[in-house]
Amino acid sequence: MNTMKNTTNKTMTTELLDLFDEAKRIIDKQEELINRQQSIIKTMQQALQGVELNELLLKKQIADIQEELLTITNDYIDSKSIIEGGV
C-alpha cells in the first residue's frame, strides 16, 4: 500500500513538474512575443516621426521657394517698371 502511494505521489509530482515546465515555456514565449510587439511599435513610431519630419522639411522648402518666387516676381515687376519709365 505504501509503495503504491509513493508511486502515485511520484507520478503526480512528475505531472506537476511537467505542467510547470510547460507553463514556463508558454510564459517565455509570451514574453518573447511581447518584446517583438514592443520592438515593432517602436520601429513604427520612429518611422512615423521620420515621415512627420520629412513633411515639415518639405513644407519649409515649399515656403522658402514661395518666398524666393515672390522676391523674383517683385524684382521683375520693379525692373519692368524702371525699363518702361515707371517708378
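Helix 1 covers residues 2–83, and its 82 residues reach 120 Å from the first C-alpha to the last, close to the 122 Å expected at 1.5 Å a residue. This is a predicted model, and its secondary structure comes to 1 helix and 0 strands. The radius of gyration of the protein is 37 Å, well over the 12 Å that the globule rule gives for 87 residues, so the protein is more spread out than a compact globule.

**Overall form and surface**
- Taken along the principal axes, the box filled by the C-alpha atoms of the protein is roughly 125 × 10 × 5 Å.
- Buried residues make up 0% of the 87 residues, and of an accessible surface of about 8400 Å², 62% belongs to carbon and sulfur atoms.
- Just after helix 1, Gly85 takes a positive phi of about 90°.

**Charges and salt bridges**
- The protein carries 10 positive and 15 negative side chains, with the centres of the two sets lying 15 Å apart.
- The count of salt bridges comes to 6, including the one between Asp28 and Lys24, whose closest N and O atoms are 2.9 Å apart; these two residues of helix 1 are separated by about one helical turn, being 4 residues apart.
- Lys60 forms a salt bridge with Asp64, with 2.8 Å between the closest N and O atoms, and Lys60 is partly exposed at a relative accessible area of 48%, as is Asp64 at 34%.
- Glu32 and Lys29, 3 residues apart in helix 1, form a salt bridge with closest N and O atoms 3.9 Å apart, and a network of salt bridges links Lys29, Glu32 and Arg36.

Methods. Residues are numbered from 1 along each chain as its sequence is written. This is a predicted model: local features need pLDDT of at least 70, side-chain atom pairs count only at pLDDT 80 or more; totals for chains, interfaces and linings use all residues. Side-chain values use heavy atoms; hydrogens and water are left out. The radius of gyration is taken over C-alpha atoms; the globule rule is 2.2 Å times the number of residues to the power 0.38. Buried means under 20% relative accessible area, exposed over 50%, partly exposed in between (1.4 Å probe, protein chains only). Accessible areas come from the Shrake-Rupley method with a 1.4 Å probe; for residues, only the protein chains shown count as cover. Lys and Arg count as positive and Asp and Glu as negative; His and the chain ends are not counted. The place of a charge is taken as NZ of Lys, CZ of Arg, CG of Asp or CD of Glu. The expected span of a helix is 1.5 Å times one less than its number of residues. A salt bridge is a side-chain nitrogen of Lys or Arg within 4 Å of a carboxyl oxygen of Asp or Glu.
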